[in-house]
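Colleague: Could you take a close look at the aromatic side chains in this model and describe how their rings are arranged?

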Amino acid sequence: MTQSHPRISKAVIPAAGLGTRFLPATKATPKEMLPVVDKPAIQYVVEEAVSAGLDDVLMITGRNKRPLEDHFDRNYELESALEKKGDAERLAKVQESSDLATMHYVRQGDPRGLGHAVLCAAPHVGQEPFAVLLGDDLIDPRDPLLQRMITVQEQHGGSVIALMEVAPEQIHLYGCAAVEATADGDVVRVTGLVEKPDPADAPSNYAIIGRYVLDPHIFDILRKTEPGRGGEIQLTDALQQLADDEKVGGPVHGVVFKGRRYDTGDRGDYLRAIVRLACEREDLGPDFRTWLRSYVAEEMQQS
């Protein structure tokens, strides 16, 4: 019989990165505020947390990240102007972001890695399991990954990470997990983790993507974790300790995701994500797809 574990209610979104890959656009604008069609990337992430039942959201920010707070706050002047114009559709869109969730913010201070960013959430999270969502990975709402991870954590306890199979030559771009099969086809037992290994040394082609459901014991481990790869406190190093000793924080499981994921952390993938999402929109898709086919056809004729 499966065990019942505490219900998760809090989501943590690390958003203190500098976004150097998108300079100069991110010189004064947080990378999380770059638009994906007509919404900033960060709103998709908060919407995903809320859809999974997590409406208490803590965002880990840094310097020059004030626009994140402004986006999820009320803008009375803009709302009043839209109301006077009778523009109910745009008014609803503006109000949607401020009504999504109960938002909290804390500054990371020094950018010392993902593990340190997660540790900044300890006072807010307390002794409850919680979810971590990275803003570079957008998960299609039709493929509810986070909800599945929460279900696995409630059944087994411990921590759960999201995994995706990638080509072996790409594994050096990700954290990588050594795994064992379980009775559930999409769930594996994680026995080891390596941060961005050389392909020859990788234990598998299961890459860690930006969704975690973590046991609060992770905080005790992160406080003692020394800087690892890149001189940063790596979350994978702390998860390795949980996987090594299940008596401290329970086991580590992985949910193997085969759905639609949009990587907005890379310029090329960011553009591809916009094209994919725009093509699937009912209001934009038909005209945009027609133009895209025409454009591609012209390019092929010229090449």
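Modeller: Phe288 has a relative accessibility of 24% and therefore counts as partly exposed, a class lying between buried, under 20% relative accessible area, and exposed, over 50% (1.4 Å probe, protein chains only). The model is predicted, so local features need pLDDT of at least 70 and side-chain atom pairs count only at pLDDT 80 or more, while totals for chains, interfaces and linings use all residues. Residues are numbered from 1 along each chain as its sequence is written, and side-chain values use heavy atoms, with hydrogens and water left out.

Trp291 is likewise partly exposed, at 47%. Phe288 and Trp291 are three residues apart in helix α11 (residues 285-302), which means that about one helical turn separates them; helices here are DSSP runs (H or I, at least four residues) and strands are runs of E of at least two, numbered from the N terminus. Together with Tyr295, these two residues are linked into a cluster by ring pairs.

The structure holds four aromatic pairs. One of them joins Phe22 and Tyr270 edge-to-face, at 5.4 Å centre to centre and 80° between the planes. Because Phe22 lies in the loop between β1 (10-14) and β2 (35-36) and Tyr270 in helix α10 (residues 267-280), this pair ties together parts 248 residues apart in sequence. Phe22 is buried at 11% relative accessibility, and Tyr270 is buried at 12%. Phe288 and Trp291, in turn, form a stacked pair, 5.8 Å centre to centre with 25° between the planes. Rings of Phe, Tyr and Trp (its six-membered ring) pair if their centres lie within 6.5 Å; planes under 30 degrees apart count as stacked, over 60 as edge-to-face and the rest as tilted.
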